[in-house]
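Notebook open, model on the screen. I jot down what I look up, one spot at a time.

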Amino acid sequence: MPGWYAGILSDMSDEQPSRVVIVGSANMDVVFSVERMPAPGETLLSGDAARHPGGKGLNQAVAAARAGVPTAFIGALGTDPFGDSLADAMDAAGVSRDLVRRTVQDTGQAFILVDQDGENMIVVASGANATMSRLTESEKDAIAGADVLLMQLELTAAVVLEAATVARAAERAIMLNAAPAAPLGDALLALLDYLIVNEHEACLLGGSDDLSVASRTLAATVDRLIVTLGAEGSDVYESGELVGTVAPPKVTAVDTTGAGDTFCGALAAAVAEGLPLLDAVRFATAASALSVESVGAVSSIPSRPRIESKLGESW
Ligand code: ADP
């Protein structure tokens, strides 16, 4: 019922100021293309280093904003030129950065080597991101006033737990994308309404190499679990039960960088607008499938008209 999706999304956004708040990281990705990975102690020459806005928090904020929902970013940038570029990227996507801190520490940077086979090696200098250890009162107010809080695991565990605690007290929906995979404490798990992981993270957190065993283990610990499966779509669990598998539309995959981030941001937007679980996942699936059709992370995140048009196709 494609028209129904378009209808409910537009109607609800007109009537209520749904909002998503992201507490997360922002990095400048510095990408070096190399013929092969260097050996320890070796120096390789590369052409120009390409720079792109990145960090899971920033990517997901852009995805939520492009999905058409007012979105605010809580995080930290340096006062350096990279910080200015990332601030510009947020402005261009319509992400509110009223609460973004500017610190004396440099903006976070991810140094990415990509070889001819597309294999990569990444080192992240957290910089300003690592200064996010406690929330300010205005940050807490923003979280308490939003419909959905969406976080990842690139900031300190303390700030993730604090944000979730604030959102729970205000009865807001709490979403965590457990990436990069790291053990989740019981206190945090108990606060989550939605946990989103890819296959690798599911196996790691669910404690099994068998994806369905790991997923079921994890599903028993959280209200709603979504396991993204790349080109296969995603498995959706609610109250410990598998309630659906959502396949993506057929697309020509060019670059899957940022697909998971697009999925999470779009899901948060759809949940903020009141879509039921499986409909929200279908919206996120359409958005993330569109994102793999072109190169880059932020640059490939689709805007709402394209998502709605994809939802209108039968798949
Ligand atoms: P991550 O980027 O975190 O590893 P996935 O690879 O599971 O996450 O992708 C997230 C979502 O992006 C999938 O659930 C799917 O909706 C979409 N997606 C990823 N790869 C493809 C693809 N090749 N074709 C269509 N959709 C894709």
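This is a predicted model: local features need pLDDT of at least 70, side-chain atom pairs count only at pLDDT 80 or more; totals for chains, interfaces and linings use all residues.

**Entry 1: Asp 235**

I started at Asp 235 and listed its contacts, leaving out neighbours within four places in sequence: Leu 225, Ile 226, Val 227, Leu 229, Leu 242, Gly 244 and Thr 245. Contact here means heavy atoms within 4.5 Å. With Thr 245 there is also a side-chain to side-chain polar contact of 2.7 Å. A polar contact is a pair of N or O atoms within 3.5 Å; within protein, one must be able to donate a hydrogen and the other to accept it, and residues adjacent in sequence count only if both atoms are side-chain atoms.

Asp 235 sits in strand β14, residues 234-238. Strands (E, at least two residues) and helices (H or I, at least four) are DSSP runs, numbered from the N terminus. Is Asp 235 buried or exposed? I find Asp 235 buried, because its relative accessibility is 15% and buried means under 20% (exposed is over 50%, partly exposed in between; 1.4 Å probe, protein chains only). I also checked Thr 217, which is 18 residues from Asp 235 in sequence and 14 Å away, C-alpha to C-alpha.

**Entry 2: ground rules**

Residues are numbered from 1 along each chain as its sequence is written, and side-chain values use heavy atoms, with hydrogens and water left out.

**Entry 3: the ligand**

Which residues come nearest to the ligand? Of the 16 around it, I get Thr 228, Gly 230, Gly 233, Gly 260 and Ser 288; a residue is near if one of its heavy atoms lies within 4 Å. I then looked at ligand oxygen atoms. One is 2.8 Å from an N or O atom in the Thr 228 side chain, one is 2.8 Å from a polar backbone atom of Gly 233, and one is 3.1 Å from a polar side-chain atom of Asn 198. Taken alone the ligand exposes 550 Å², and the protein buries 81% of that (Shrake-Rupley areas, 1.4 Å probe; for residues, only the protein chains shown count as cover).

Helices α9 (259-272) and α10 (277-291) each give at least two residues to the shell, and α10 has the largest share, with 3. By class I count 8 nonpolar, 8 polar and no charged residues in the shell. Nonpolar is Ala, Val, Leu, Ile, Met, Phe, Trp, Tyr, Cys and Pro; charged is Asp, Glu, Lys and Arg; the others, Gly among them, are polar.

**Entry 4: two serines**

Ser 208 is in the loop between α7 (199-206) and α8 (211-219). I call Ser 208 buried, because its relative accessible area is 16%. A polar atom of the Ser 208 side chain lies 2.9 Å from the backbone nitrogen of Asp 210. Not counting residues up to four places away, Ser 208 touches Cys 203, Val 213 and Ala 214.

Ser 309 lies in helix α11, residues 304-311, and counts as partly exposed because its relative accessibility is 45%.

**Entry 5: the whole protein**

I find 11 helices and 15 strands. Buried residues make up 51% of the 315. The C-alpha trace spans about 55 × 45 × 40 Å along its principal axes.
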